[in-house]
Amino acid sequence: MKRLSRIVALSLALAVVALTFTAPAGAQPKTELTIALSSFSAETLDPALQGHNVKYYLSLMFDYLVGTTPEGQPSQAGGLASKWENSADHKRWTFHLRKGVKFHTGEEMTSEDVKFSLQRAMGKRSTTGYAGPLRTLIQDIETPAPDRVVIVTRDPTLIIPTYLSRSLSTEGMVLPKKYIEANGDDGFARKPVGTGPFKFVEQVVGSHIKMTAVDNHWRIGTPKYKTVTFKLVPEETTRIALLRRGEVDVTDISRERVKEIQKENFPVHFRKEEAIIHMWWVLGPDGRVGPTKDKRVREALNLAIDRNEVAQSIFGGFAEPAAIPMGLSWAFKDVGFKPTPDMQYAYDPARAKKLLAEAGHASGFPLDMYAFQLPGFAEGKAFAEAIAGYWEKIGVKPKLIPVDYPAFRKLWVDRKAPEAVGYYNVANRDWIGTFALLEKQAYTPSKLNDTVNDAEIDGMIAQVLRQTDRDKINALMRNIFTRLRSEHYGVPVVYVHSPYATSKTLGKWNPGAVMYDLFIDQLAASK
Amino acid sequence: MAAEPAGGTLALPEAVAAPVRGRGRHVPWIPIGLIALFVAAAALAPLVSPGDPYAQSLRNRFTPPVWDERGTWAHPLGTDRLGRDMLARILYGARVSLAVGALAVLLASSVGAAVGLVAGYYGGRVDAALMRITDATLSFPVILLALILAVTVGPSFLNVVIAISVILWARYARVIRGEVLTLMQLDFIAQARIAGAGAWRIITRHLVPNTLNTLVVLITLQVGYVIIVEAALSFLGAGIPPPTPAWGSMIAEGRDFVTSAWWVSFLPGLAIMLVVLAFNLLGDWLRDTLDPKLRQL
Amino acid sequence: MLRFVSFRLLQSLIALALLSVVVFVLARTTGDPLHMILPMSATEEDYANARSYLGLDRPYVEQYLTFVGRAVTGDFGTSIRARRPVSELLLERLPNSLRLAVFAMAVSLAMAFPLGVLAAVNKGSGIDRAAQVIAVLGQSLPSFWVAIILVEFVAGRWQWLPAGGSDGFTSYVLPGFTLGWFVVAGLMRLLRSGMLEVLDSEYVKLARIKGVVERRVIWLHALKNALIPVVTFAGIYFSILVTTAIVVETVFAWPGLGRLAYDGITSRDFPVIQAVVLTTAAIVAAGNLGVDLLYAVIDPRIRHAR
């Protein structure tokens, strides 16, 4: 008797507890698209505050001035500017805007909004990646008509359309002037408004971002999905479980689990050569110090690594050996650069040891290696350990130092750890983005971030800055790559392909070859 | 939901007649044996290990243990992500994990006991001040402190020990202080005072021996806890850094391969489970034998 | 009684104040949050701009006083990384953490209850030992390991329960179980010894002698008394559940305080670090206070101890 009453009491208690929680979720309707990611990077929804270029969700809520095809080429179909032209002296760029594009609040987008957004992106408060170069470059912004914007630059330049396009960062996103002036920057960040095919619904920082479709959008028609939700799920086992359960439609997975997922017939899309795993030596306050000052030592450290083995084992076969330091391959096509077979580093530890001896380091030397995880690079620590293993075999004495990336970055930029080795999975990008990167990491006058310190390369970069002849620019870029390789200014290890697993019913998707963008809007496009 | 004893009435065997005692007079030989086994393995690791726990061989990564058809006797328990021998890493990992447990607990208990003794003996303002500090410490989550340390100066063996001890001592302080307060009410303390004994004498001669039982129980129970915390820290990236073999970080490294290379995380997990279970069971038995009143520990 | 309560409350507040200084200093030693929010190409000027915009170039004492002054009103400043008020972030997360902790507590009681009673009634036997091992197992397995195994098999392969997120009652089960198992051992021990004490008591002996077969009265009495220590310690266990949830939150993508702290620490987000540590400390202090109060109600001797 009492057993029964006890059971009843317990069940009642549990039911009461249960009622305080939300109702159970129903089965996933097909009108919802859910994407699980291991990292959101910067989570603020204000494009001007994105220091790290992540556009996965921003590209759905905002439109760019200049559109881009998934292959990274400027497109007149994908941006708010339906066409643009430059003046003969390359100092005035005129953009013709689409008519009838409305913000999510109902207001029409005009050239005033474009001018406002650009000034905001270049303003003091902005932390975007290319705010600096734009500030030096742009002299004035004119709005001769509601559907025309003219950008006046100080020097002749080719790069304005690309800088304001989807292929780089967020400076080209067009924001609503009246709305921001009325609600303030913080109000805008809380409830962002744009002209994109999806409207902001809610954000729980560290958990998810939800948006809902706009009817009949100029870019993609009426989206196939009514709601799009981005979920932050740091643990991979959990992401995969969500995929298996049908709770998410798209998720990034690590290379090591691709085969497991493919065996279960989940489609896996790859962004080929999404990043290059590149290692460099931190410079001292006045340039290169220590054994790596000698070119032979740098070459030896490169020859000691079996790139094929690394690609096959650590990256599960989803990587290709890389040969050019900072060689972002998506830019090679643009500038007509083709790495020749002899540029590939052979795996030759014997020769490496010989080179070390020739340079006077037959018994090796100590080398600090910083080991950290990075978003999109789950193999980080294992990778560092593996490379340390190779270097140990040629007599170098690597010491692994586990700090996280921000701590390493401080040492790198303050130049407090000369000759220490760091690495990064540098996102692949087109030639303009590559040039911007080189201008930061291979250019002595940029001081803080330089890892190269070579006068010849400095000269070539300075020339590119001032060139408007595409052929000359391409030639300079090819020479820069060639010299980076011949002088061994870094240790390029592999290009990695990044896998994204999708549900079986998702349909066609081209994640594209644009930095930090997955073209989710293409998934939802109905035209 | 309660179990109905067999037979109609409440059949309470000797338990009713006998005084409430511990789980048994039976010494828990299995836990003691397990602990001894692991300590021995840790101490003798260089002799017993099949190889160097640091030796990588990417070609041999994820070799299954020997009883699998693809396993070999060269690596009886298989290899990990970088081709390192699992048995070697578990043996050497025993050293690291047990050392963390022992060091952190010894450090925390000495400091904590000292604080508890002083607070309980002197009482008044000293007690109040010390207890405020203790309370503040107790409310700081261990894992967060270790994370902060890891992010500031980088994760290391020392940082893990320090981070844990810095919070753990407060537990000892509180418990010992409670014990001392009770003891101070007893006659023999008053008598000692009357006899002219000073603080030091009373503390060392009278208080310490009477709180030793509690201390031993706490220490035994906390070793397992520290090992578990180290594992959690490794999972979050604030534990013992690679390439040092430590059970916690080994499980963390293998956690994405639970089905494809189950041995990488399962075997160190099994090791942790056995050792911590042994310490916990031993601690429970000690508590029940030495002083059943300690049930609130 | 009132004096005791206010005294303890005052003590807790002092402890919190102490903690605020410690956490203020600790947060700032973690490094520079600007490295996380500024792009790689930022110049010295960009850094100086950002620093002054965020108020990080003021003298430390001023920063501390501003922090404390605002914190008392519930304003913990603005998150450097998310650029949103920290109190908003806290309000989004705190309910999730509390609900998970409550659920986990319910799970642990649901487990500890039968285990404790079984052990008490079958004292000394194999069942007693087995119950003990099952309970203690919860403290002997790394929780992230348990969590990942559950996600991989129960959620992913067999698909019995949800794997992550916090929508729906069923999504509480796996994280609640993982979190709750940790405290089952302590609860079970209390229940067991409480039961044993009562079963051994004069009351029961007398009832037996009298021949009273009224199981219900005896069991109810036994349970009631056994539950007293459990209830008094519920406060402490609850705060343990809240503060150790970070691992469970990470694996199950549960948006709670633990994960907020982790993100805050890794991005050197001082306001967030300070706010979360102080909030968890307040929860722990509340739990301890609750326990002490209940204990004092039950045992008046303690009330008068200094």
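Analyst: **One helix, then the rest**

H7(B) has a kink of about 30°, centred on B:Val166. The bend is the angle between axes fitted to the seven residues ending at a residue and the seven starting there. This is a predicted model: local features need pLDDT of at least 70, side-chain atom pairs count only at pLDDT 80 or more, and totals for chains, interfaces and linings use all residues. Residues are numbered from 1 along each chain as its sequence is written, while chains are lettered from A and ligands numbered from 1 in written order.

Now chain A. Four strands form an open antiparallel sheet there, in the order S4-S5-S7-S6. S4 (81-86) and S6 (138-145) of chain A each have a single partner strand, so one side of each lacks a neighbour in the sheet. S5 (residues 92-97) and S7 (residues 148-153) of chain A pair over 5 bridges; pairing needs at least two DSSP bridges. A:His96 stands opposite A:Arg148 in S7(A).

Chain C touches chain B through 59 residues, against 52 of chain B. Contact means C-beta atoms, placed from the backbone, within 7 Å. Helix H1 (residues 2-29) of chain C gives the most to this side of chain C, with 8 residues.

The complex has an ipTM of 0.85 and a pTM of 0.87 from the predictor.

Conventions: Contact = placed C-beta atoms within 7 Å. Helix = DSSP H or I, 4+ residues; strand = E, 2+ residues; numbered from the N terminus.
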